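Work through these exercises with the sequence and the model side by side. Try each task before reading its solution.

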Amino acid sequence: MAPLPVKFKTKEDFLSFKQRSIEQYEKNRCYLAVCGDTGCSVQGSKNLYDQLEIYLRKQGYTENVKLKCTGCLGLCENGPLVIVYPQEIFYQRVEPEDIEEIIEKTVIQGEIIERLLYSDPVSGEKYIYGRELPFYKSQLRNLLEANWKIDPGSIEDYIANGGYAALVNAVTEMDPGAVVEEIKKSQLRGRGGAGFYTWVKWEECRQQTGRKFIICNADEGDPGAFMDRSLMEGNPHSVLEGLIIGGYATGAQEGIVYIRAEYPSAVEKLKLAIDRAEDLGLVGENILGSDFNFQVYLSIGAGAFVCGETSALIASVDGRIGEPVQKPPRLVQNGYLGRPTVVNNVESLANVPLILRDGAQKYCRVGTEKSSGTKIFSLVGKVNNTGLVEVPLGITLREIIYDIGGGIKEGKQFKAVQTGGPSGGCIPASSLDLPTDFDQLSSAGSMIGSGGMIVMDDETCMVDIARYFLQFLADESCGCCFTCREGISRLLEIVKEISDGSAKPGQLELLKELAGVVKDSTMCGLGQTAPNPVLSTLRHFEEEYRAHIEQKHCPAGVCRELITYSIDQKLCNGCGLCLKNCPAGAVTGNKKEPHYILYDKCDKCGVCTTVCRAEAVIKQ
Amino acid sequence: MVNMILNGLDISVEEGTTLLEAAKFYGIDIPTLCYDETLSPYGACRLCLVEVGEPGKAKLFSACTYPVREGLIVKTNTKRVIDARKMIIELYLASCPSSKKIQDLASEYGVTEVRFTPKNDECILCGLCVRVCEEQMQAKAIGFIDRGVNRYISTPFERQSEDCRLCGACMYICPVCQARCQGPREEETICNACLNISPPCLEKYDEAMCYMDPCVACELEKEPDE
């Protein structure tokens with residue numbers, strides 16, 4: 001490790017440190033990158049890392065072969081992932097038993113171990129290098145690229161890969177107005193949900209005088225979304241650098257990272273990053289010899305989804321109950337402690353150093369005219385490759401789901417994709433060629449939101465989806481506004497009635513009317529967007545709702561109360577497997593004779609379908 | 001003074017007032033459940049919704065929390081506002097039919113049907129009691145507990161609070177328990193007995209409404225024998 005210098009006083013101090021870091025980085029070209037992010041950790045990557053370390057030490061390779069515990073590498077489903085550098089050989093589903101072979105064969109002799117390579121679930125083709133995987137090939141990993149290369153705990157790694165150059169350049173050579181101007185040229189839009197232009201917030205805050213704050217909103221609460229976490233865990237310095245630049249541009253001298261308590265690893269890594277940046281004088285008083293002072297604090301949330309809403313977030317930072325207040329006055333006039341405050345999302349801030357480093361012009365080349373740059377989506381659900389994908393804005397949904405995601409699991413039919421988290425909406429198959437930019441998705445009744453993308457196949461019931469998201473929002477509503485608290489719970493009540501078949505005719509009209517009022521009359525963004533799951537599924541799948549109400553039939557076969565199981569008397573060979581496995585004791589019949597299901601006992605768990613080898617169980 | 005347009009009228013009000021106070025000053029009635037002039041505004045009942053902004057771009061805001069601003073265009077009685085209020089009143093009726101205040105509002109707004117399953121809650125979580133205890137009595141003996149549908153009001157740790165002086169202000173200010181409606185039987189959520197005000201001229205004139213209550217134009221147009 002390079003010796004820690006005293007704090008940087010000038011740009012030259014930084015450049016010579018950078019030179020040393022690069023030399024150090026080049027010297028350790030031969031290393032193993034083990035994914036240490038949550039997805040791989042639960043699949044045993046922590047143990048794998050420890051075992052690797054023990055093995056390397058035992059064999060005396062520690063001088064020549066280094067180990068890095070990196071942030072999320074992307075292909076979470078196939079973890080634990082290990083990448084062997086310098087060749088960049090990509091191994092998946094690595095077990096501790098494979099360690100000896102990896103070190104002795106691949107690292108020492110450069111041989112490839114066939115069975116650890118990724119093979120395409122559709123074509124069966126095997127890939128050696130990470131970049132060649134179809135999953136990565138169609139992506140543009142401007143932000144996530146660094147996750148592959150750097151150890152999140154090492155500021156030297158980050159600096160060797162071009163980090164903090166943008167900050168140093170901004171502080172020593174640009175005035176705050178010029179920084180805002182550059183962000184304006186880049187057309188960067190907030191990545192947290194609303195897609196508001198970042199420069200507008202910054203410019204308004206810059207015009208204000210006195211004590212100001214900049215807050216990084218790291219309260220990522222959408223189910224199935226983990227973009228911000230992987231950035232903070234894989235490359236915490238990029239977020240920190242963006243925050244410091246934001247402070248410089250807006251004139252805020254205090255930065256706060258509001259991060260949820262559910263992300264302990266991200267908290268730990270950010271804390272370490274802030275400490276290291278302080279050691280080098282990139283945070284603190286008189287940064288790089290200028291008169292710019294900047295302090296960073298962490299504020300830990302307590303698990304409320306609503307605290308992602310900026311006014312609730314500020315209440316929570318302040319130690320009050322996390323409840324939104326009505327705007328105006330806007331935060332840029334009256335925010336934290338009544339002072340001008342800017343709140344930016346993690347991913348927006350991580351984009352800032354890239355813009356300043358490469359210039360706004362280059363940044364704008366990616367994306368569409370009104371939505372520039374890349375966006376990280378967390379692609380989950382019924383696709384073959386799940387994980388984090390970073391793509392240029394404007395790419396079509398089809399490209400994301402079929403080229404990167406590898407299509408629908410088990411060759412089933414695509415039905416819809418839910419984007420934008422609980423407050424977003426569903427997009428049906430007919431709109432698959434829709435470009436993913438802020439405006440196009442909103443006009444289709446959904447939104448980019450924070451970037452969650454849940455793919456659904458034809459065995460997904462849209463009423464059930466709406467019910468799931470409404471349940472989430474009902475649990476997470478702060479309960480202050482009557483229309484949000486009572487409105488969502490009534491929406492949920494109606495949707496539940498529809499899904500269990502007890503809905504009366506006319507309920508659908510009531511549902512629509514109530515959804516409209518809740519959207520229109522609630523105070524904060526949570527309540528205003530809460531009816532979206534209902535409204536967007538109704539917009540595209542109204543006939544499915546009608547089938548539930550009028551024919552008491554769930555077309556996808558999901559809503560328990562509306563399906564029945566029976567046994568095809570011709571196909572059943574009387575093996576008795578269903579009888580043995582049925583937990584409700586609802587199957588009767590003599591051995592070697594066709595069996596029957598007793599409807600009044602059946603609790604519709606579906607075990608009989610799973611165990612039947614003759615495919616004789618009919619679900620209707 | 002701040003100049004703005006309220007229901008088509010050019011008005012000027014003192015800076016620092018809210019839309020609700022301005023409307024009250026000009027004699028325009030806006031219904032509220034969680035507002036009291038001696039307490040800080042809370043914006044939770046959503047009944048005081050008004051339409052703010054240029055036509056076509058207007059949004060609904062709660063009048064009690066919205067500060068007046070130069071050049072604002074505010075409408076208090078449009079179809080959008082009334083429809084939202086009606087739905088909100090229907091929701092209130094379904095959850096808390098024993099409140100006379102809510103029953104009166106239902107009559108006033110012509111809400112004659114409740115399409116939701118009745119709940120018979122005892123509290124609408126308007127927060128008046130919490131605020132009166134904190135701001136007027138300086139006691140802070142009660143507060144909100146939990147969130148969302150599980151939210152309720154109680155003393156800290158659900159024990160009798162040492163800060164409570166048993167002054168009764170919380171009960172006095174409560175819009176639900178202060179006056180109970182004896183009208184509806186348990187199976188009927190709606191009473192519609194006490195008040196029967198004919199609806200404003202909304203149906204006839206839509207957006208162009210008057211600011212008088214009862215409306216002078218409507219009264220004049222009425223046939224003498226009506």
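The exercises below go from single elements to whole chains.

Ground rules: this is a predicted model, in which local features need pLDDT of at least 70, side-chain atom pairs count only at pLDDT 80 or more, and totals for chains, interfaces and linings use all residues. Residues are numbered from 1 along each chain as its sequence is written, while chains are lettered from A and ligands numbered from 1 in the order in which they are written.

**Exercise 1. Find the buried residues of H21(A) and what covers them.**

Step 1. A residue is buried if 20 or more other C-beta atoms lie within 10 Å of its own, exposed if 12 or fewer, and partly exposed in between; C-beta atoms are placed from the backbone.
Step 2. The buried residues are Leu511(A), Leu514(A), Ala515(A), Val517(A), Val518(A), Asp520(A) and Ser521(A).
Step 3. Their cover includes helices H20 (482–499), H22 (525–529) and H23 (532–550) of chain A.

**Exercise 2. Describe the setting of strand S10 of chain A (residues 341–345).**

Step 1. Five of its five residues are buried, so S10(A) is largely enclosed by the rest of the structure.
Step 2. Thr341(A), Val343(A) and Asn345(A) point one way, and Val342(A) and Asn344(A) the other.
Step 3. Two strands pair if DSSP finds at least two bridges between them. Five bridges join S10(A) to strand S7 (residues 213–218) of chain A, and the two run parallel.
Step 4. One of the partners to find is Thr341(A), bridged to Phe213(A).

**Exercise 3. Which residues have the most contacts inside the largest nonpolar core?**

Step 1. A nonpolar core is a set of buried Ala, Val, Leu, Ile, Met, Phe, Trp, Tyr and Cys residues joined through C-beta atoms within 7 Å.
Step 2. The largest has 229 residues, and those with the most contacts inside it are Val82(A), Ile245(A), Leu470(A), Leu491(A) and Val50(B).
Step 3. Apart from it lies another core, of 12 residues, including Ile567(A) and Cys608(A).

**Exercise 4. How many residues of chain B are in contact with chain A?**

Step 1. Two residues are in contact if their C-beta atoms, placed from the backbone, lie within 7 Å.
Step 2. By this test, 25 residues of chain B are in contact with 25 residues of chain A.
Step 3. On the chain B side, strand S4 (59–62) and helix H2 (79–95) are the elements that give two or more residues. H2(B) has the largest share, five residues.

**Exercise 5. How many helices and strands does chain B have?**

Step 1. Count seven helices and seven strands.
Step 2. Read them along the sequence: β-β-α-β-β-β-α-α-α-β-β-α-α-α.
Step 3. Of the 226 residues of chain B, 36% count as buried.

Notes
Helices (H or I, at least four residues) and strands (E, at least two) are DSSP runs, numbered from the N terminus.
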